[in-house]
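Subject: A structure for you, and its aromatic rings

Hi there,

Here is the structure I promised to pass on. Have a look at it first, and then read on for what turned up.

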Amino acid sequence: MRKTLTTSGAALSLMLVLTGCSGPGVDSVELSNDPTPGTAPSVTFETPLNAEEAGAKVLREGEGEEIAEGDTILLQAALFKGSDGTSIGETYTQGAGQVLTLEDGLQETIPEMYDVLVGAKEGAIVAYSSPKTSGAAGDDSTSVEVYEVVRKIPTEIEGEMQDSPKGLPEVTENDEGAPAVAKPEGKAPGKLVSEYLIEGDGEEVGESDTVIAHYVGVTWSDGETFDSSYEKGAPASFPLDNVIEGWQKGLAGKKAGSRVILSVPAEQAYGTEKDLGEDSQYPAGSLLFVVDILAAVDTPEAEPSASPSASATEAEPSASPSATGE
């Protein structure tokens, strides 16, 4: 399968769009082991878990920088079936994780998660469940969602932007601070071009790092935007060794906190029209990107035998909602 730019298939989609109001549904959830790089945590809780109302619970306090309203954070997730505690999926072995911004929309739709995340610190682990977080088809229980706050992510690049390299189109900023690319003129460069528009002062991006970035991509032939994380409303996160070659070679060695312009020839992007065929979802030919490298983190190597699990027991009829199944 051809590698996509943002490798959305490599990360578990957050279920946080499903919401309700506060409640005791996650009171029995406890953390039974701390996650390690490449390995998801395990939890214990009473089964079957049927949350009558949405609720969130802090399973582990963090020790890093405090998270505030409006911050963007990188999360790792592990989801468990409420009926028997088995794993539904996790992102720890996938590397990239998920990016979430603590904005008004989140506060309105999922106040429980918003409230536990605002004021939490990097490294915190929280659990969430609601009546609408079903585990699987035909399963009447509500799933348990466990999220680890990996780190806070900067949301913009600081510094004065330089002119584009000779032969590449002009890049400006719109009112929201997103890069705007002028229509390319002339013939696209035959080789990969990767240059700073703003050089940051962060650590250099490693060849296998997970990169968190905002970006705009346009086709060289007509200057039309075919992809933009700004339009999607959130930065993308991706292991650098799982994206197109032009990004792999063009971003490796660049500093976090930088804005980079990339001119990528077809053979290092998705290919030519002949390569792709008429019905391809990918843009053909040479492409041009402006990438804001917000942060880069180590991509943990997954342990082959690692799998998230929940040790769960059937609750006794007289057990209180807050009792933990051991």
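How many aromatic pairs does the count come to? The answer is five aromatic pairs, and please keep in mind that this is a predicted model.

Let's start with W247 and F289. Their ring centres are 5.4 Å apart and the planes meet at 90 degrees, so this pair is edge-to-face, since the angle is over 60 degrees. W247 belongs to helix α4 (residues 245–251), while F289 belongs to strand β16 (residues 287–297), so the pair ties together parts that are 42 residues apart in sequence. Are these two buried or exposed? W247 is buried, with a relative accessible area of 0%, and F289 is buried too, at 0% relative accessibility.

Next come Y270 and Y282. Here the ring centres lie 4.9 Å apart with the planes at 10 degrees, so the pair is stacked, the angle being under 30 degrees. This pair links distant parts of the chain, 12 residues apart: Y270 sits in the loop between β15 (258–264) and α5 (273–276), and Y282 in the loop between α5 and β16. Y270 counts as buried because its relative accessibility is 3%, and buried means under 20%.

Which residues form one aromatic cluster? They are Y215, F226, F238, W247 and F289, so you will meet the edge-to-face pair W247 and F289 again there.

One last thing to find in the viewer: the charged end of K254 sits over the ring of Y196, 5.4 Å from the ring's centre.

Best wishes, and enjoy exploring!

Note on methods. Residues are numbered from 1 along each chain as its sequence is written. This is a predicted model: local features need pLDDT of at least 70, side-chain atom pairs count only at pLDDT 80 or more; totals for chains, interfaces and linings use all residues. Side-chain values use heavy atoms; hydrogens and water are left out. Rings of Phe, Tyr and Trp (its six-membered ring) pair if their centres lie within 6.5 Å; planes under 30 degrees apart count as stacked, over 60 as edge-to-face and the rest as tilted. Helices (H or I, at least four residues) and strands (E, at least two) are DSSP runs, numbered from the N terminus. Buried means under 20% relative accessible area, exposed over 50%, partly exposed in between (1.4 Å probe, protein chains only). A charge sits over a ring if NZ of Lys or CZ of Arg is within 6 Å of the ring centre and within 35 degrees of the ring normal.
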